[in-house]
Amino acid sequence: MKLAHRAARRLILPALLAGLAIPRATAARGATEVLDKGSIVVSLNGRSIGREDFQFTHAGDSLVVSSTSTFTMPTPDGERKSKKLLGVVFGHGDMMLRSYTSNEEFDDHVRVRGVVINSETALTLLNELDKRGHGDTYERPPGRLFVLESQLYSLMYVLAYAVRDQSFDRRPVNIIALAQRDTIQEAELVRQPVETIRWGNRPVQTDHLQFVQGPVTIDLWMDRLGRVLRIAHAPSGLLVEREAQKVRPPAKPRKSGG
């Protein structure tokens, strides 16, 4: 393994759109509480290409984010199907990254990605394909770290969740982008005016955030509970929406006898 300086800046969007699972992440012992769970539907230029089922769990002193995503992406050789499992652990109070693992199954192959926090000054990025791979050690930037990887949009939710109660106009964030070439880079979250969007066939007032890295801007809309309802990148036609809970119709009144 080599110790490298912080990787050169690289656009994150390909890491989000590219076609890219793990044993569920474990956390410290203690009481567990499911903070949120749901499903995300992903479309590209109006065509549905995948979905992700996710869960946020408070376990001991940890926040565990787990998900399963399934995607069907068009390629020159036909459709490519993949399945990914995610397990990432943060400190529940400080949102400091503790561990990260993803497992992808595609075309009879298995790819495992991982982030290991070695110390306060170093981290290792792991990349394994069919049980053969490597790990590269990098300088660890100070402060919080967030991971982005293709087909795992719950990771964008984590970003918004971490700042849901904070007041800011613009704030920098450190991103580990796992892609064909892994990078560690700085991006920015920019707060936009409060916006009402239509979600689940009803108007919802949302906090509108923009994730900005170089020329790439990705929009996120978050409700008052801190849940990301929509993610969009208009130039590429990417639209990610949280499924609304189905509301049962009211029961029909029983007919009185007689």
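Me: Before we start, what kind of model is it and how are residues numbered?
Reply: The model is predicted, so local features need pLDDT of at least 70 and side-chain atom pairs count only at pLDDT 80 or more, while totals for chains, interfaces and linings use all residues. Residues are numbered from 1 along each chain as its sequence is written, and side-chain values use heavy atoms, with hydrogens and water left out.

Me: Okay, R113: where is it, and is it buried or exposed?
Reply: R113 sits in strand β7, residues 109-117, where strands (E, at least two residues) and helices (H or I, at least four) are DSSP runs numbered from the N terminus. Its relative accessible area is 2%, so R113 counts as buried, a word that means under 20% relative accessible area, with exposed over 50% and partly exposed in between (1.4 Å probe, protein chains only).

Me: What does the side chain of R113 reach?
Reply: There is a polar contact with the side chain of D182 at 2.5 Å, and the R113 side chain also reaches the backbone oxygen of L126 at 3.3 Å. A polar contact is a pair of N or O atoms within 3.5 Å; within protein, one must be able to donate a hydrogen and the other to accept it, and residues adjacent in sequence count only if both atoms are side-chain atoms. Leaving aside neighbours within four places in sequence, R113 is in contact (heavy atoms within 4.5 Å) with residues including Y100, E149 and L178.

Me: And V110, buried or partly exposed?
Reply: V110 also lies in strand β7, but its relative accessible area is 34%, so V110 is partly exposed. The C-alpha atoms of V110 and D130 are 5.3 Å apart, although 20 residues separate the two in sequence.

Me: Switching topic, which residues have the most contacts inside the largest nonpolar core?
Reply: They are Y100, I176 and F211, in a core of 52 residues; a nonpolar core is a set of buried Ala, Val, Leu, Ile, Met, Phe, Trp, Tyr and Cys residues joined through side-chain atoms within 4.5 Å. Helix α2, residues 154-162, gives the most to this core, with 8 residues. Apart from it lies another core of 6 residues, among them I197 and V204.

Me: How many residues of α2 are buried?
Reply: In α2, 9 of its 9 residues are buried, so the helix is mostly covered.

Me: What about the largest cavity, how much space is in there?
Reply: About 70 Å³ of space lies in it, the volume being the space filled by probe spheres set on grid points joined across faces, edges and corners. A cavity here is a set of points on a 1 Å grid over the protein atoms alone where a 1.4 Å probe fits but cannot get out, and lining residues have an atom within 4 Å of a point.

Me: Which strand supplies the largest share of the lining?
Reply: That is β15, with 4 residues, and β15 (228-233) and β16 (238-242) each supply at least two. The lining, which includes F54, Y157 and R242, divides into 8 nonpolar, no polar and 3 charged residues.

Me: Last one, T137: what does its side chain contact?
Reply: T137 lies in strand β9, residues 132-139, and its side chain makes a polar contact with the side chain of T124 at 2.9 Å. With a relative accessible area of 11%, T137 is buried.

Definitions and conventions. 1 Å grid on protein atoms, 1.4 Å probe; cavity = no way out; pocket = protein on both sides within 12 Å on 5 of 7 lines; lining within 4 Å. Nonpolar A, V, L, I, M, F, W, Y, C, P; charged D, E, K, R; others polar.
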